[in-house]
Amino acid sequence: MTSYDYLVELKDVKKQYQHYFTVGGTLLDLFNPQRVRKKGIWALKGISLTLKKGEALGIIGPNGAGKSTILKIISRITLPTSGEVNVHGKTAYLIEVGAGLHPDLTGIENIFLYGIILGMKRKEIREKLDKIIEFSGLQDYIDLPVKKYSSGMKVRLGFSVAIHTEPDILLVDEVLAVGDAAFKKKCYKKIEELKKSGIGIILVSHNMKQILEHTDRTIFLNKGKIVFEGRPEEAVKRYNEFLEKKKEEKI
Amino acid sequence: MLKLIGNIIKWRELIFLFAQRDLKIRYRQAILGILWVWFQPLSQMVVFNFIFIRIFHRSPVKGYPFHIFVFTGLIFWTYFSTTINYTIPLFKNNVALIKKAYFPREVIPLGIILSNLVNVFASMLLVFLFMWTAHLKVHLTILYVFPLLLIQIMLMTALALFASGLNVFFRDIKYGMSLLLYLWMFMNPILYPAEKVPAHLKNFYFLNPMAPLIDGYRRAILEGTSPQWKYVLISLGISYVLLEICYGIFKKAERIFNDIL
């Protein structure tokens, strides 16, 4: 096996969201010059970053800063407009509650569906099924359709599956904002464990306490650019100053 | 094409899972379940039978009852048209999955094509029942159905990828497609045998890649003869070229699906 210096390496990545087409557009739009002339929004304006093995990287910043776009580019869900993206290893991307779970299928059926989407084999899931269910703590509800689940339960199920895919890179996007304190604690314990075993983690959060406790390095992002990169304490300090300043401007 | 086959092999478990999910959801909620599968071609069969036998007082086919003739053609056409109509809004309906992880997006429509194939086999049971009541024998030529189905699936994949992919950008694709499929039905030998097509139009008529397949199914299942291979080969060629083109377009569109959905 080749070993790489970095699990993730972004070099001057830019991302423009196109506005040419929208959902629910019609064929007539092709002939609408106004629409075609519209410029897209630059979500990322030249981002370079790296993630090493066993490292936890935090990303903070105001809404629309481009935090989630970075995670989407790393997980190949969206492609960059320009720049270089190198990802060595399997990624697991955790986003908002219940996304990707099918409401009409039961907990178990969703474990299989989600597991396979995240790149597991059916056999592998079958072997790990007990562990996944146990970690989620949903033993009593696992045969119910997911639409009967609370939002906390959906997060538990999603997180349980994701960490059992044995990813090399875990991308966590605000997902642990829901869920009760006990489960959160369990998740962070697991994240620390995974970190020790050598996987890389990128944590996007608005919860500064989580950032300070669980990341080794933090990026403060604003308007698609990196404002600061370094020690989490410093990043959080600068972000708070930025928020204060913004508040003052408003007043 | 090679890439498509590669993806099918690599992601076969996901395709099966999508197919399984589709079947489960569809039949878990509908109490009538499989009866619905039979109902669609059956109801059309009854109406067409009424028109030809009761109103026109004559069957366009010789040798066996008209309803068997219609039904056999209809089940394969129903597979074709309902599947394509069904796949059109697929990506919008599965936004949550698409935003969650990367996998080649074509596996979602492929799963539907596979799950609806189950319906064809379910409907075949009815064909056998009809044949048995009319004292028709099952011939070994029935095996020709499989290569014909393979060509049909190629064609369906091409159209499903094209329509579902473009639907992300233009919602009016579905109106165009349903009109196209409705008109297309009459250009196939479903209500009438292909022999009724005038000789000088035949070469033109069989440029429709579905026509030699529908004709072939019936020959293989009911008549114990082989399909008209010349036309089947042309159908294969057209289906292949369409698949290459549509898959190319689809892969281009796929790159920006997520930014739009």
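**A walk through chains A and B**

In helix H3 of chain A, the buried residues are Gly107(A), Glu109(A), Asn110(A), Ile111(A), Phe112(A), Leu113(A), Tyr114(A), Gly115(A), Ile116(A) and Ile117(A). The helix covers residues 107-117, and ten of its eleven residues are buried, so H3(A) is largely enclosed by the rest of the structure. The model described here is predicted. Just after H3(A) comes Gly119(A), which takes a positive phi of about 100 degrees.

Tyr141(A) sits in the loop between helix H4 (122-136) and helix H5 (151-164) of chain A. Along the chain, Tyr141(A) and Gly107(A) are 34 residues apart, yet their C-alpha atoms are separated by 7.3 Å. Leaving aside residues up to four places away in sequence, Tyr141(A) touches Gly107(A), Tyr149(A) and Met153(A). Is Tyr141(A) buried or partly exposed? It has 19 other C-beta atoms within 10 Å, and a residue needs 20 or more to be buried, so Tyr141(A) counts as partly exposed.

Taken as a whole, chain A has eight helices and nine strands. Of its 251 residues, 41% are buried. Among contacts in chain A between residues at least 6 apart in sequence, 74% join residues at least 24 apart.

Some of the strands can be followed in one sheet. Strands of a sheet pair through backbone hydrogen bonds, either parallel or antiparallel. In chain A, an open sheet of three strands has the order E2-E1-E4, and the pairing is antiparallel. Strand E2 (41-51) and strand E4 (82-87) of chain A stand at the edges; each has a single partner strand, so one side of each is left without a neighbour in the sheet. From one strand to the next, the twist averages 25 degrees. Strand E1 (residues 8-17) of chain A is joined to E4(A) by five bridges, and the two run antiparallel. On the E4(A) side, Ser82(A) is the bridge partner of Lys14(A).

The unreviewed entry places the feature "transmembrane region" at residues 30-52, 64-86, 107-130, 142-163, 175-194 and 231-250 of chain B. What does the model show at two of these stretches? Over residues 64-86 of chain B, the chain is 91% helix and 0% strand, with the end C-alpha atoms 33 Å apart. Over residues 107-130 of chain B, the chain is 100% helix and 0% strand, and the end C-alpha atoms are 35 Å apart.

Helix H3 of chain B takes in residues 34-55. Its 22 residues reach 31 Å from the first C-alpha to the last, close to the 32 Å expected at 1.5 Å a residue. H3(B) has a kink of about 30 degrees at Gln40(B), shortly before the proline Pro41(B). Pro41(B) is buried in H3(B), as are Val37(B), Met45(B) and Phe52(B). What covers the buried residues of H3(B) includes H4 and helix H7 (107-133) of chain B. Just after H3(B), His57(B) takes a positive phi of about 55 degrees.

With 17 C-beta neighbours inside 10 Å, Thr82(B) counts as partly exposed.

Notes: Residues numbered from 1 in each chain as written. Chains lettered and ligands numbered in written order. Predicted model: local features only at pLDDT ≥ 70, side-chain atom pairs only at ≥ 80, totals over all residues. Buried ≥ 20, exposed ≤ 12 C-beta atoms within 10 Å, placed from the backbone. UniProt positions renumbered as here; feature names shortened; annotations may be inferred. Helix = DSSP H or I, 4+ residues; strand = E, 2+ residues; numbered from the N terminus. Expected span 1.5 Å × (residues − 1). Bend = angle between axes of the 7 residues up to and from the residue. Contact = placed C-beta atoms within 7 Å. Pairing = 2+ DSSP bridges. Axes fitted to C-alpha atoms, helices over the stretch in contact; angles between N-to-C directions.
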